Amino acid sequence: MNEASSSLLSVTFATLKKDIRLEWRSKDALNSMLFFSLLVVVIFSFSFDPLAEESRLIVGGLVWVAFLFAAVVALNQTWARELRNQVLDAYRVSPAPANALFLAKVLGNFIFVIVLEALMTPLFVIFYNLHVLGPAWQLIPLALLGTWALVVNGTFFAAMSLRTRNRELMLPLLLFPISIPAVLGMVAGTTAVLTGDNPAHFYIVLLLTYDVVFTTACLGLFETILHAE
Amino acid sequence: MLPCAWNHPLQYTHLSIGVPSKPTNSVSEPATTNIIVRDLVKQFGRFAALRGVTAEFAAGRFHAILGDNGAGKTTLLRALAGLAHPTRGEILIFGKSPQAACREIGYMAHPSLLYDEMSGMENLRYFAGLYGIAGDKRSEGVIRSVGLDPELARPVGQYSQGMRQRMSLARAILHDPKILLLDEPFSNVDVHSAREMVTLLRSMRDAGKTIFAVTHQALLLEGVADEFIWMQAGQIVDRTDSVHGPRLSTAVNTQQAEVL
């Protein structure tokens, strides 16, 4: 492994460790995400009171609405803590690779959202009386690839809107339109697995392709974003 | 736990962080130029913060940058650090751009540039990783050199302003830079701590570091700084070897009277 790769990995790991430590101490993102997702689960279950059959048709959309909006909360937090005391400037004047910061932020957000999904999925199953009719294992790649699609673009656009006055408004405005193909894949794929009507392979491949394309594009552009004034 | 006492000249020497065997700085000694600024213009929209600054700065000297608010001091420092991209002109540090010379530059901003939720040692351990510095020895050394205790577990957010400034300085010198850029290092620091900080900076200058300090407390640096750079409206208007030079404004005098 050459020096650049070793530096990328070590700085990524150090930054990820630091972010997890900061989140563990403040719990800013996790608490907000959990609270928001719980609200969605409870309020929609009261409103619809669906049968098992109906649940399978709507929960794919509900689950991802909850996770998408909850992720936006985490994505805003992730850069907000870098702005306090202008700590980001300390990173910018260091020789550490810009992509290490981006990768660490993406991995951190991915972990936070996956933890949220792991905590909320049993609640969705209970509140919506869910019985999966398709191959349940396919929900795992759908969740992993869908979550990666959300956080990789979200982290990038959150960094892009960092210096704007209304950054919390800017993030969804930038993120949601570009995430439409991924959101379609997540919702349609999840519904396909829940109902067992269609195979979800197409959606898994769609999400995988989306992830590869946007991860590459974000990595290629992040240094410009980081050093922009 | 209280911070350790400040014994900088000794502690700093013990750090052995690339310190030359004898002091390189002396007003009478010729010094090599290591920073060149040519026709530097920095605009924010229609406002020009720097208007064609041209200057050369010698190695191993202590430069105090003075001027009223809005004179362009902080922008000049940020440009030297590579944080503000020039609209026009260029900066050469050891013949390289500030970004390429980042390992030679230590930057201390007015905000602390530290994570409030982590202890000083945790902060420095993280920043050491960014410079590829392995182990805790170096971080512990610089924390001691600024008079703090590396064992202090309290998060930086609970530090006093003076302790935060010291920790911020520790972060700036962590990678043993040849050039230190300090933006108002003595602001909100009590007179005693400020004087101790000056002693530390003097020992660093004597050890061969080039120091730029933006300050409104110019008299603290009288007899310590080798040069006082006077800025006004985005330009360097004078360079003197005494704080009592011809450009000392009433505003600065008044602030010094309050501090000292």
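In which helix of chain B is the place of S168(B)? S168(B) sits in helix α5 of chain B, which covers residues 161-173, where helices (H or I, at least four residues) and strands (E, at least two) are DSSP runs numbered from the N terminus. This is a predicted model, in which local features need pLDDT of at least 70 and side-chain atom pairs count only at pLDDT 80 or more, whereas totals for chains, interfaces and linings use all residues. Residues are numbered from 1 along each chain as its sequence is written, and chains are lettered from A and ligands numbered from 1 in the order in which they are written.

The model scores ipTM 0.87 and pTM 0.86. For chain B the mean pLDDT is 83, with 82% of its residues reaching 70 or more, pLDDT being the predictor's confidence in each residue, from 0 to 100. Over residues 1-30 of chain B the pLDDT is below 50, although this stretch has 46 contacts in the model beyond near neighbours in sequence; two residues are in contact if their C-beta atoms, placed from the backbone, lie within 7 Å. Residues 250-260 of chain B likewise have a pLDDT below 50, and that stretch has 13 contacts beyond near neighbours in sequence. Where pLDDT is low, the predicted coordinates should not be read in detail.

Chain A comes to 9 helices and 0 strands, and its radius of gyration of 18 Å is close to the 17 Å that the globule rule gives for 229 residues, so chain A is as compact as a globular protein of that length. Here the radius of gyration is taken over C-alpha atoms, and the globule rule is 2.2 Å times the number of residues to the power 0.38. Along the principal axes, the C-alpha atoms of chain A fill a box of roughly 55 × 35 × 30 Å. Of the 229 residues of chain A, 42% count as buried, a residue being buried if 20 or more other C-beta atoms lie within 10 Å of its own, exposed if 12 or fewer, and partly exposed in between, with C-beta atoms placed from the backbone. Among contacts in chain A between residues at least 6 apart in sequence, 86% join residues at least 24 apart.

Chain B, by contrast, has 7 helices and 9 strands, and buried residues make up 48% of its 260 residues. For contacts in chain B between residues at least 6 apart in sequence, 71% join residues at least 24 apart.

Where the chains meet, the contact takes 22 residues from chain A and 25 residues from chain B. On the side of chain A that touches chain B, α1 (3-26) and α4 (87-92) each supply at least two residues, and the largest share, 9 residues, comes from α1(A). By class, this side of chain A has 9 nonpolar, 6 polar and 7 charged residues; Ala, Val, Leu, Ile, Met, Phe, Trp, Tyr, Cys and Pro count as nonpolar, Asp, Glu, Lys and Arg as charged, and the others, Gly among them, as polar.

From its first C-alpha to its last, α6(A) reaches 31 Å, close to the 32 Å expected at 1.5 Å a residue, the expected span being 1.5 Å times one less than the number of residues.

In chain B, A170(B) is in contact with L124(B), V142(B), I143(B), V146(B) and L148(B), leaving aside neighbours within four places in sequence. L124(B) is one of the buried residues of α3(B), a helix of residues 120-130 that is largely enclosed by the rest of the structure because 10 of its 11 residues are buried. Just after α3(B), G132(B) takes a positive phi of about 70 degrees.

S168(B) is itself buried, because 27 other C-beta atoms lie within 10 Å, and it touches M108(B), S112(B), L113(B) and L114(B), not counting residues up to four places away in sequence. G208(B), in the loop between α6 (191-206) and β7 (210-214) of chain B, counts as partly exposed, with 17 C-beta neighbours inside 10 Å.
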